[in-house]
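Please find below a few notes for your reading of this model.

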Amino acid sequence: MGLFSGILGNASKIDLDEISGEFGKVLAPNERIEHAYQLIRDYFVFTDKRLVVVNKQGITGSKMEFHSIPYKSVTHFSIETGGTLDLDADLKIWISSTAEPFTQKFNKRLSIYEVQAVLASYVLK
């Protein structure tokens, strides 16, 4: 992922080796990273057991918040594709016992369909 792409807000796939060191600290025993996507500084990671959303905070991004969403907690999800004037697409994930969905915006550089298919492959097991 290029810096210019990240500044423009383009979500992109992350090389798993690139985040394994930083992200490895939050993995459970025998849990493995299978897919990862980045949007500017934040990223989200699909493991074989859960979705982890990483929110980097502050000027340097050294403070991080990890949101862990077990796949069994996902009650439903949706995608909203970009239109003529609104080019962004949204992935919305509803988690049990929460009224508002987790929402992630994508632009056309990363297929919302690809990310939705990855999520579906875990949730629909």
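This is a predicted model: local features need pLDDT of at least 70, side-chain atom pairs count only at pLDDT 80 or more; totals for chains, interfaces and linings use all residues.

Rings of Phe, Tyr and Trp, the last by its six-membered ring, are taken to pair if their centres lie within 6.5 Å, and a pair counts as edge-to-face when the planes are over 60 degrees apart.

1. Phe44 and Phe46 belong to one aromatic cluster, together with Tyr37, Tyr71 and Tyr122. Phe44 counts as buried because its relative accessibility of 3% is under the 20% limit, and Phe46 is likewise buried, with a relative accessible area of 0%.

2. Phe44 is also among the contacts of Gln104, which, once neighbours within four places in sequence are left aside, touches Leu39, Phe44, Ala89, Asp90 and Leu91. Gln104 has its place in strand β8, and with a relative accessible area of 12% this residue is buried.

3. Strand β8 (102-106) is an edge strand, as is β6 (74-80), each pairing on one side only, in an open antiparallel sheet of 3 strands ordered β6-β7-β8. Neighbouring strands of this sheet are turned against each other by 15° on average, direction ignored.

4. Between β6 and β7 (residues 89-95) the antiparallel pairing extends over 6 bridges, and Phe77 has Ile93 in β7 as its bridge partner. Helix α3 (residues 112-123) lies across β6, β7 and β8, and runs at about 165° to β6.

Technical notes: Residues are numbered from 1 along each chain as its sequence is written. Side-chain values use heavy atoms; hydrogens and water are left out. Two strands pair if DSSP finds at least two bridges between them. Helices (H or I, at least four residues) and strands (E, at least two) are DSSP runs, numbered from the N terminus. Axes are lines fitted to C-alpha atoms, for helices over the stretch in contact, and angles run from 0 to 180 degrees between N-to-C directions. Contact means heavy atoms within 4.5 Å. Buried means under 20% relative accessible area, exposed over 50%, partly exposed in between (1.4 Å probe, protein chains only). Rings of Phe, Tyr and Trp (its six-membered ring) pair if their centres lie within 6.5 Å; planes under 30 degrees apart count as stacked, over 60 as edge-to-face and the rest as tilted.
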